[in-house]
Protein chains: 4
Amino acid sequence: MSLVQLDNYGPWTVTPSPRRETDLQALQARLYATLADFVGAHDGYAFFDRFDNMIAVTDGMTVADHERFQEQIRNQFPVTVSIGVGVGETPTDALGAASQALQAEGSAQDAERTERLATAGEIGETTGSLTIAHFDVVDVTGEFTDRKAAGETSLAIQRATVSLASYLREEHEGIARFVGGDNIIALCPSLDEGAFEAAREHVKTTTGIDLQVGIGEGETPHEAGYRAKLALEECRETGRRVDLFGPRATIDQ
Amino acid sequence: MSLVQLDNYGPWTVTPSPRRETDLQALQARLYATLADFVGAHDGYAFFDRFDNMIAVTDGMTVADHERFQEQIRNQFPVTVSIGVGVGETPTDALGAASQALQAEGSAQDAERTERLATAGEIGETTGSLTIAHFDVVDVTGEFTDRKAAGETSLAIQRATVSLASYLREEHEGIARFVGGDNIIALCPSLDEGAFEAAREHVKTTTGIDLQVGIGEGETPHEAGYRAKLALEECRETGRRVDLFGPRATIDQ
Amino acid sequence: MSLVQLDNYGPWTVTPSPRRETDLQALQARLYATLADFVGAHDGYAFFDRFDNMIAVTDGMTVADHERFQEQIRNQFPVTVSIGVGVGETPTDALGAASQALQAEGSAQDAERTERLATAGEIGETTGSLTIAHFDVVDVTGEFTDRKAAGETSLAIQRATVSLASYLREEHEGIARFVGGDNIIALCPSLDEGAFEAAREHVKTTTGIDLQVGIGEGETPHEAGYRAKLALEECRETGRRVDLFGPRATIDQ
Amino acid sequence: MSLVQLDNYGPWTVTPSPRRETDLQALQARLYATLADFVGAHDGYAFFDRFDNMIAVTDGMTVADHERFQEQIRNQFPVTVSIGVGVGETPTDALGAASQALQAEGSAQDAERTERLATAGEIGETTGSLTIAHFDVVDVTGEFTDRKAAGETSLAIQRATVSLASYLREEHEGIARFVGGDNIIALCPSLDEGAFEAAREHVKTTTGIDLQVGIGEGETPHEAGYRAKLALEECRETGRRVDLFGPRATIDQ
């Protein structure tokens with residue numbers, strides 16, 4: 001996993017005086033879109049996380065690929081990025097390793113620490129199969145979007161995200177992030193169906209929100225994630241709440 | 001306030017088969033950036049909210065301005081947007097009115113409901129002064145970014161956001177949203193310093209996270225928000241935890 | 001008219017060493033798109049011109065609007081822009097005045113000359129009706145795109161553009177620019193149909209390429225240009241080669 | 001080489017009524033930026049050409065890479081693209097083959113012809129060394145930008161581009177395109193210094209404009225183009241008008 005961190009961004013946003021918020025929102029969003037496109041070209045996955053710290057699943061991307069991304073940002077944006085890359089047995093391990101590698105280079109607000117690329121472990125090798133779980137809220141349109149105030153819906157989904165992310169992190173060293181709409185995507189170790197059912201129940205109990213989840217495995221994040229999406233489509237059609245992608249006829253990816 | 005909703009977006013993302021996640025992430029982010037730029041040109045504020053439902057503070061933007069935004073999206077993106085616009089005594093009122101106006105037009109997943117512009121109240125008039133509060137985490141770089149794993153930091157800030165947003169919504173009919181980094185921006189009715197101190201304490205008690213906040217008032221969201229940023233700079237310099245923008249010498253905005 | 005010039009751009013592209021060409025191409029294109037969106041929000045028109053020098057028709061845009069654009073570029077791009085704004089009896093006059101105003105501020109490659117906004121004349125007032133002529137190549141798809149090599153087609157249209165632009169500049173102080181496909185848009189003083197027929201004949205004689213043209217007048221560039229597009233549609237339907245937008249039933253703009 | 005053609009774009013721009021010109025300008029520019037980024041990630045080169053027909057040097061990009069680009073456009077833009085890919089002894093040959101392959105699939109304005117990928121020859125293999133020549137105008141800032149009206153400068157550079165492109169096409173089956181500022185980039189067969197001197201003289205004689213040129217060879221367009229840029233820097237420093245990249249100390253690309 002890769003942690004992409006904007007160099008000395010906080011100070012930049014207020015120098016020489018605070019910059020217009022909508023300009024910063026647009027800048028951050030486009031910089032994230034650039035990351036999403038870049039890792040997408042390598043069959044990876046990206047999450048906006050905190051925007052000034054973004055995370056990406058970059059199995060198979062080499063050191064040179066990461067440097068190329070840094071070059072593109074430097075040439076197209078008013079800020080630069082440092083990147084920590086880590087490998088690990090679990091998603092939490094990998095992101096922890098990436099974080100530590102980057103922290104060892106200096107502070108995020110050290111003006112001298114720019115465009116570092118810090119790696120922990122062997123980068124650029126795919127490490128076998130990975131698992132992605134794609135969650136959404138059961139009938140979000142009927143239950144929320146079309147009925148409740150936007151502020152209420154949004155808060156409900158944020159609560160479900162925090163509940164799910166905390167649970168998967170503590171129980172399984174997984175990483176879950178909100179990706180828009182009512183969708184939450186989780187990077188997980190290989191888990192059985194019962195583990196996902198338990199996660200669903202945890203979220204239902206703590207927040208009252210009913211999730212469903214499709215699970216896929218694959219050699220790349222895109223492959224695993226695509227299968228998870230197909231499994232989630234199965235949930236929507238069959239009413240099942242947990243669906244593991246199984247053997248199917250030819251898949252057009 | 002305006003609620004910008006992508007028309008029939010969920011079905012589109014899986015038709016004819018699930019679309020690549022990174023492509024969707026980039027699409028959503030750029031569409032949001034377009035909104036931020038558009039309302040920014042009118043001195044407004046924008047929040048990504050759920051990306052398929054975005055919210056904007058659009059005081060002074062006319063019906064024609066909103067239609068122009070719909071036109072731009074139609075001409076530049078593969079999806080269209082409907083918009084609900086509402087006014088109200090409080091941010092929650094205004095967003096509630098916008099939500100209801102849009103819901104009355106039909107379901108977000110009704111393929112026939114496209115490019116609606118539904119208004120509730122008199123649009124295009126500035127309604128006097130508004131208040132923006134700009135929060136961030138005290139010493140987030142030293143306490144979190146440079147020390148903890150990215151996954152942990154991110155979760156902590158999400159928890160703080162949910163805690164603050166829930167509190168402000170319930171106590172003051174305010175709307176708070178994460179805007180990147182460790183920043184949370186809240187639209188509030190006019191409140192005294194004690195109310196913000198109480199909000200800080202609520203977040204500290206429920207999540208352990210120490211926030212500071214700058215508060216600004218102004219005729220436009222940009223003006224109020226800019227003053228809030230200046231006040232937050234005061235917090236960073238003086239160690240105060242709550243700062244209201246007060247009389248100052250000439251401000252270069 | 002406004003001349004938007006990237007500050008000290010040439011040196012930047014080779015500092016500290018030459019930057020990757022595709023990064024520069026993407027940067028320039030997105031910066032131009034940002035300008036097009038910005039002036040489009042004010043019913044203006046924009047041309048990429050040389051990308052490091054772009055031109056825009058900005059009737060009705062104030063000094064504050066231009067400063068806002070400079071602010072947006074500074075906050076979202078790695079380069080800044082200076083702008084010259086000029087008014088004049090003819091398009092050539094206005095662009096000439098804008099150029100001189102900017103040149104008086106210093107050299108485009110003076111590292112000290114950044115973010116200047118130089119005006120010549122009264123800015124922000126619409127100066128009455130303006131004329132836009134929208135040209136394209138008769139049956140370009142059948143004659144060129146579907147039959148000839150892309151390189152040949154492209155060169156033919158470049159030749160037609162240079163021929164038309166030179167002619168309109170010399171004969172009528174108009175400004176014509178290629179805008180993509182087989183389209184050339186010209187800003188003109190008010191001219192009669194015969195003048196456009198003569199321009200067509202000049203291009204036909206010098207390059208062998210057969211153009212048709214729709215002409216519109218209006219209070220804003222968008223209004224004039226939209227009418228020119230409708231007139232060009234008339235050409236396509238009726239076989240006329242020159243069409244002035246005339247009285248028509250309700251127009252949905 | 002690859003010819004990227006927007007499917008049925010002309011009709012789309014006027015359906016159901018003519019779309020706003022600035023929206024189209026921004027759309028085209030961002031779509032081109034997306035292509036530039038995509039081929040840039042593969043060390044290729046891109047030219048905007050006519051925007052609705054763009055050309056790219058895609059040595060080493062596979063059929064799957066091209067399909068991935070089509071997928072990204074489909075998912076992020078309101079239009080789709082078809083692509084012809086051709087190989088050849090010379091740039092003109094290769095682009096001609098790409099054009100013919102695409103034309104054989106149907107008309108650019110056939111609503112049924114969408115997202116075709118037509119190849120002529122073995123795709124995805126690098127075909128050895130290629131040559132890129134990077135031209136610019138001697139002292140363009142001093143002679144033009146800082147002294148003449150923007151309209152005049154722009155026309156002068158367009159004339160030089162047409163003159164150079166026509167010459168290189170006829171004499172050497174090369175392809176030259178304007179890339180912004182005063183820069184023209186040419187794809188050439190391997191030529192000696194005298195051939196470039198003759199091209200310069202042709203442009204000087206026909207248009208009065210004095211060009212200088214750096215020439216690079218390499219395994220990828222980026223490598224060849226980067227060396228051409230370094231050679232052009234030599235011209236700027238030494239006053240030479242033609243410079244071939246030669247043996248140098250370590251190059252940081």
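**Meeting surfaces in a predicted model**

Q: Why can we say that the copies, chain A and chain B, meet through the same surface?
A: Welcome to this structure, which is a predicted model. The interface residues of chain B can be looked up in chain A, and 100% of them are interface residues there too, so the two copies meet through the same surface.

Q: Which residues of chain B lose the most area to chain D?
A: Let's look at the other partner: 16 residues of chain B are in contact with 16 residues of chain D. Between them the two chains bury about 1,300 Å², with 34% of it on carbon and sulfur atoms. Three residues together give 45% of what the chain B side buries: Asp23(B), Asn75(B) and Gln76(B).

Q: With which residue of chain D does Asp23(B) form a salt bridge?
A: Four salt bridges are found across the interface of chain B and chain D. In the one formed by Asp23(B), the closest N and O atoms are 3.0 Å apart, and the partner is Arg68(D).

Q: Which element gives the most residues to the side of chain B that touches chain D?
A: Two elements of chain B give two or more residues to this side: α2 (21-40) and α3 (63-76). With six residues, the one that gives the most is α3(B).

Definitions and conventions:
Residues are numbered from 1 along each chain as its sequence is written. Chains are lettered from A and ligands numbered from 1 in the order in which they are written. This is a predicted model: local features need pLDDT of at least 70, side-chain atom pairs count only at pLDDT 80 or more; totals for chains, interfaces and linings use all residues. Side-chain values use heavy atoms; hydrogens and water are left out. Contact means heavy atoms within 4.5 Å. Buried area is the accessible area (1.4 Å probe) that two parts lose on being put together, summed over both. A salt bridge is a side-chain nitrogen of Lys or Arg within 4 Å of a carboxyl oxygen of Asp or Glu. Helices (H or I, at least four residues) and strands (E, at least two) are DSSP runs, numbered from the N terminus.
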